[in-house]
Amino acid sequence: MTGNAQETRTLSPAAVDAAEVATPREVRISSDGTALTITWSDGARATLHAAFLRENSRSAGSSRLRLSGLNVPASRDLTIKTARAIGAYAINITFSDGYDRGIYPWVFLKELAETAAEQEPVRVLAPEDFLKSN
């Protein structure tokens, strides 16, 4: 092969389907900043809460914590300050705690939406919960 030859890549049908399904038509941050609502090109709509997004960030630091068996805790009063496009494939979200390292590809957000729909909300214990039991 010469140095000028170009490599041809083909995507599997599943990869093409996932990319097509995971294309947003609209992305909105709620007025209070507590959630991100995505309307997908197929008409499906997903609302993802700020704490859930923060806890599921795939940044290097968050991934390292999860690989060590630790959770990535997020305050329940966490809000989304901004979301900006990263090319045509993802968004970067800045949270009220200053965290801005997570890049959320559309395919990943679609997966998170499906996961969130299957999960029951987790109740975080507050200090007064501990005082009640003593």
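Colleague: Is arginine 54 buried or exposed?
Modeller: This is a predicted model, where local features need pLDDT of at least 70, side-chain atom pairs count only at pLDDT 80 or more, and totals for chains, interfaces and linings use all residues. Residues are numbered from 1 along each chain as its sequence is written, and side-chain values use heavy atoms, with hydrogens and water left out. Buried means under 20% relative accessible area, exposed over 50%, and partly exposed in between (1.4 Å probe, protein chains only). Arginine 54 has a relative accessible area of 12%, so it is buried.

Colleague: Which helix holds arginine 54?
Modeller: Helices (H or I, at least four residues) and strands (E, at least two) are DSSP runs, numbered from the N terminus. Arginine 54 falls within residues 50-55, and that run is helix 2.

Colleague: Which residues does arginine 54 contact, leaving aside neighbours within four places in sequence?
Modeller: Contact means heavy atoms within 4.5 Å. With those neighbours set aside, the partners of arginine 54 are Ser62, Val72, Ala74, Leu78, Phe95, Asp97, Tyr99 and Tyr104.

Colleague: In what order do the 3 strands of the open sheet run?
Modeller: Two strands pair if DSSP finds at least two bridges between them. Strand 1 (24-29) and strand 3 (45-49) are the edges, each pairing on one side only. The pairing is antiparallel, and the order is 1-2-3.

Colleague: Which residue in strand 2 stands opposite glutamate 26?
Modeller: Strand 1 and strand 2 (residues 35-40) run antiparallel, joined by 5 bridges. Across from glutamate 26 stands threonine 39.

Colleague: How far apart in space are alanine 83 and isoleucine 93, C-alpha to C-alpha?
Modeller: Alanine 83 sits in strand 4 (residues 80-86). Its relative accessible area is 33%, so alanine 83 is partly exposed. Not counting residues up to four places away in sequence, alanine 83 touches Ile29, Ile91, Asn92 and Ile93. In sequence, alanine 83 and isoleucine 93 are 10 residues apart, but C-alpha to C-alpha they are separated by 4.4 Å.

Colleague: Which residue in the turn between strand 4 and strand 5 has a positive phi?
Modeller: The two strands pair in the antiparallel sense over 6 bridges. Isoleucine 86 has alanine 90 as its bridge partner in strand 5. The hairpin leaves 3 residues between the strands, and the positive phi, about 60 degrees, belongs to glycine 87.

Colleague: How many residues of strand 5 are buried?
Modeller: Strand 5 (residues 90-95) is largely enclosed by the rest of the structure. It also runs antiparallel to strand 6 (residues 103-105), with 3 bridges joining them. There, isoleucine 91 stands opposite tyrosine 104. The buried count for strand 5 is 5 of the 6 residues.
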